[in-house]
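Here is a short report on one protein chain.

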Amino acid sequence: MVRVGFLLFEGFSNMVLSCLLEPLRAVRDQAEIDIRWQVLTPDGRPVRSSSGLSVAPDDGAATDFDLLVVVAGYGYRDHAAGAGLRRVLALARRSRIVIGADSGPWLLAAAGLLDGRRATLHWSLLADFAEAFPDAQADTAPYVMAGRVWTCGGAAGALDLILAFIAERFGQANAFIASSMFLHDADRGEAGPALPGLPRKGTARLRQAMNLMIETIETPLPLPEIAARCGVSLSKLDRLFRAETGMAPGRYFQMLRLSQARELAASTGLGLREIALRCGYSDAAALSKAHRRLYGRPIRQSTAPAGAPARGPRPFSTPLALRTR
């Protein structure tokens with residue numbers, strides 16, 4: 001089990017929080033890894049985001065966390081001088097890794113957690129941060145992983161950082177699939193932003209192959225034809241997938257199809273035969289056999305309502321239907 005605490009301060013950014021939380025949710029749901037999170041606030045009362053949305057903390061006492069994420073926004077100077085700082089310190093002592101996001105690093109620095117460390121935060125605060133905390137080493141990078149205290153600026157840096165955490169903790173394949181949820185645009189047929197922790201070389205070819213897989217889920221193309229359409233040999237396609245996703249192209253394609261099947265089973269009233277045909281399987285029996293081989297249980301057992309605890313990790317990663325978000 002991986003426990004994550006999100007300590008939210010008044011004025012936090014919804015976008016930053018989403019970029020930190022949603023990739024973890026994708027890994028939990030798609031890879032069936034037991035990741036649990038708890039929303040915390042400095043005083044146990046609801047806080048409002050920068051856009052005015054009210055968020056209440058979860059019930060129950062805070063526990064030890066594998067990852068503590070401190071997200072602050074407007075009012076960071078007041079937060080750094082208030083009781084919230086004691087909350088940061090208390091939770092940080094019980095956490096393996098601490099992340100400060102947006103203006104959250106200002107609070108970590110005020111608590112002395114960034115002394116002698118490289119750190120970054122929202123770009124608009126960097127100059128003031130360097131002046132206010134000379135013992136910290138202000139950095140313009142989108143994110144910084146320094147020891148057990150990590151920092152990032154806005155939403156883009158937050159997404160990169162949490163994907164780096166996923167890659168380190170759960171493997172490159174899970175980071176790649178989680179990132180695809182946010183960065184892949186199947187309609188453009190071209191490479192999107194380079195993915196954190198993944199080689200840049202060959203990404204355009206890889207995404208071209210992925211687009212073909214997405215477009216042909218119902219009638220899957222043979223791998224040699226996918227390779228030919230991408231202008232590479234089958235062996236080159238295999239090397240690209242193994243280098244950049246941590247798995248063979250055939251396995252990736254199967255995971256993609258099974259992910260679509262799982263989503264249809266969870267969100268529609270379609271029978272297994274219709275789902276099988278929509279995902280490139282000859283019949284319900286073929287779909288069930290493929291799903292049981294990968295997950296060890298029938299497909300209906302793996303499509304519990306969102307939020308249900310997962311039952312543990314499977315080898316490599318599991319599929320994620322790549323959709324435009």
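A residue counts as buried when its relative accessible area is under 20%. F170, at 14%, is therefore buried. The model is a predicted one.

**The chain overall**

The chain holds 13 helices and 10 strands. Of its 325 residues, 51% are buried. Its accessible surface is about 14200 Å², and carbon and sulfur atoms own 51% of that surface. Among contacts with a separation of 6 or more, 67% join residues 24 or more positions apart.

**Strands**

Which strand is largely enclosed by the rest of the structure? Strand 6, residues 95-102, is, because 7 of its 8 residues are buried. Strand 6 pairs with strand 5, residues 65-72, in the parallel sense over 7 bridges. In that pairing, A72 stands opposite D102 of strand 6. Strand 6 also pairs with strand 10, residues 149-152. This pairing is parallel too and runs over 4 bridges. Here V98 faces V149 of strand 10.

V4 sits in strand 1, residues 2-8. Its relative accessible area is 1%, so V4 is buried. V4 and L68 are 64 residues apart in sequence, yet their C-alpha atoms are 5.8 Å apart in space. Beyond its neighbours within four places in sequence, V4 contacts L24, I35, R36, W37, Q38, F65, L67 and V69.

D139 belongs to a loop, the one between strand 8 (137-138) and strand 9 (143-146). Is D139 buried or exposed? With a relative accessible area of 18%, D139 is buried. Leaving out residues up to four places away in sequence, D139 touches R118, A119, T120, L126 and V144.

**Helices**

Helix 8 covers residues 203-215. Its 13 residues should span 18 Å at 1.5 Å a residue, and its end C-alpha atoms are 18 Å apart, so the two values agree. Its buried residues include L206, M210 and M213. T203, R207 and N211 are also among them.

Helix 11 covers residues 249-267, which makes 19 residues. From first C-alpha to last it reaches 27 Å, close to the 27 Å expected. Its buried residues include Y252, F253, L256, R257 and L264. In an α-helix there are 3.6 residues a turn, so residues three or four places apart point the same way.

R257 lies over the face of F253, 5.9 Å from the ring centre. Its charged end also sits over the ring of Y281, at 4.2 Å from the centre.

**Aromatic pairs**

How many aromatic pairs are there? The count comes to 7. The rings of F129 and F133 have planes at 50°, so this pair is tilted. Their centres are 5.3 Å apart. The rings of F165 and F170 have planes at 85°, so that pair is edge-to-face. Their centres lie 6.3 Å apart. One aromatic cluster is formed by Y76, W106, F129 and F133.

| Residue | Relative accessible area | State |
|---|---|---|
| F129 | 0% | buried |
| F133 | 15% | buried |
| F165 | 0% | buried |
| F170 | 14% | buried |

Methods:
Residues numbered from 1 in each chain as written. Predicted model: local features only at pLDDT ≥ 70, side-chain atom pairs only at ≥ 80, totals over all residues. Heavy atoms only, no water. Buried < 20%, exposed > 50% of the residue type's maximum accessible area, 1.4 Å probe, protein only. Helix = DSSP H or I, 4+ residues; strand = E, 2+ residues; numbered from the N terminus. Pairing = 2+ DSSP bridges. Contact = heavy atoms within 4.5 Å. Expected span 1.5 Å × (residues − 1). Areas by Shrake-Rupley, 256 points an atom, 1.4 Å probe, with all protein chains shown as cover. Phe/Tyr/Trp six-rings, centres within 6.5 Å; stacked < 30°, edge-to-face > 60°. Lys NZ or Arg CZ within 6 Å of the ring centre and 35° of its normal.
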